[in-house]
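I opened this entry to keep track of what I looked up, one topic at a time. The notes follow the order in which I checked things.

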Amino acid sequence: FNVVVTVLFIPFNGLLVKLAEKSIPANAKDNDLDLELARLDERFLETPAVALEQCHKVVTTMGHIALGNLMITNSAIIDGIAPNRETFDENESFLDNGEARINKYMLAIKEDDLSPKSHKLYEEIMHTVSDFEKIGDYTENIFERYESIRENGIAFSEEAVFELKVIRDATEEIVELTTQAFSEGSIPVVARIEALED
């Protein structure tokens, strides 16, 4: 039966593809980051706990994206690996748009309808979204410094490169652990972050 049905559908595979494409919004296919922001659907606002969970997922993605841009920049400065400027700019745009969209979306959530646990999450999201966006801004500043270093042919001494690598390893691990702690609500991770920061 399955074989016969499959054979019957083969001539219509082009039509099936067109139907699938029409059922998926064009803008959703263009970029995975656009899909991520599509989580902030106004229909979820009817259920504040669900709306908060969607915000939590988007902010977690922002943490991963901020880390990605930090790694791109660090690799360019320290390892001399040519950065993908297009990817960097797309990531930075997502961080900026993500903060704006999250803030607007969060304001539409009725705080009076939140349980104490959800209210705590609400406050965490409001603080964290701003911090991840700031990491993106700082990384953009470092990226601009990298471009200046490259244009002026500046080279670091071996000692400076060693020190930069130590700082890079610590900062990248801090952002990774922070994203993990936010995503999982893991308190023990915070102690490791403080040690790295010191």
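**Salt bridges**

I began with a charged pair: E124 forms a salt bridge with K120, and their closest N and O atoms are 3.6 Å apart. Both E124 and K120 belong to helix α7, where four residues, about one turn of the helix, separate them. I then looked up how open each one is. E124 has 33% relative accessibility, so it counts as partly exposed. K120 has a relative accessible area of 52% and is therefore exposed, the cut-off being over 50%.

I noted that this is a predicted model. By the rule used here, I get a count of eight salt bridges.

Which residue does R85 meet in a salt bridge? I found E147 as the partner, at 2.6 Å from N to O. This pair links distant parts of the chain, since R85 is in helix α6 and E147 is in helix α7, 62 residues apart. R85 counts as partly exposed because its relative accessibility is 32%. E147 is partly exposed too, at a relative accessible area of 21%.

Next I took E36 and R39, whose side chains meet in a salt bridge at 2.8 Å, N to O. Is E36 buried or exposed? Its relative accessibility is 12%, so E36 counts as buried. R39 comes out at 28% and counts as partly exposed.

I also wrote down a network of salt bridges that links D79, R168 and D169.

**The chain as a whole**

Of its 198 residues, 32% count as buried. The chain exposes about 12800 Å², and carbon and sulfur atoms supply 55% of that area.

I checked how far apart in sequence the contacting residues are. Among contacts with a separation of 6 or more, 70% are between residues 24 or more positions apart.

**Confidence**

How far does the predictor trust its own model? The mean pLDDT of the chain is 87, and 89% of its residues reach 70 or more. Helix α6 has the highest confidence, at 95, while helix α3 (residues 26–30) has the lowest, at a mean of 42. Over residues 24–30 pLDDT stays under 50, and for this stretch the model has four contacts beyond four places in sequence.

**Nonpolar cores**

I looked for the largest nonpolar core and found one of 23 residues, in which I102, M106 and I125 have the most contacts. Helices α4 (32–37), α5, α6 (85–107) and α7 each supply at least two of its residues. Which helix gives the most to this core? It is α5, with eight residues.

Leaving aside neighbours within four places in sequence, M106 is in contact with L52, C55, Y122, I125 and M126. Apart from this core lies another, of five residues, including I174, L177, A181 and V189.

**Helix α8**

I174, L177 and A181 took me to α8, where they are among the buried residues. The buried residues of this helix also include R168, E172 and F182. What covers them includes α5 (48–79), α7 (116–151) and α9 (188–197).

Just after α8, G185 takes a positive phi of about 65°.

**T61**

T61 has 18% relative accessibility, so it counts as buried, the cut-off being under 20%. Leaving aside neighbours within four places in sequence, T61 is in contact with E36 and F94. E36 is the residue I had already noted in a salt bridge with R39.

Methods. Residues numbered from 1 in each chain as written. Predicted model: local features only at pLDDT ≥ 70, side-chain atom pairs only at ≥ 80, totals over all residues. Heavy atoms only, no water. Buried < 20%, exposed > 50% of the residue type's maximum accessible area, 1.4 Å probe, protein only. Contact = heavy atoms within 4.5 Å. Areas by Shrake-Rupley, 256 points an atom, 1.4 Å probe, with all protein chains shown as cover. Core = buried A, V, L, I, M, F, W, Y, C linked by side-chain atoms within 4.5 Å. pLDDT = per-residue confidence, 0-100. Salt bridge = Lys/Arg side-chain N within 4 Å of Asp/Glu carboxyl O.
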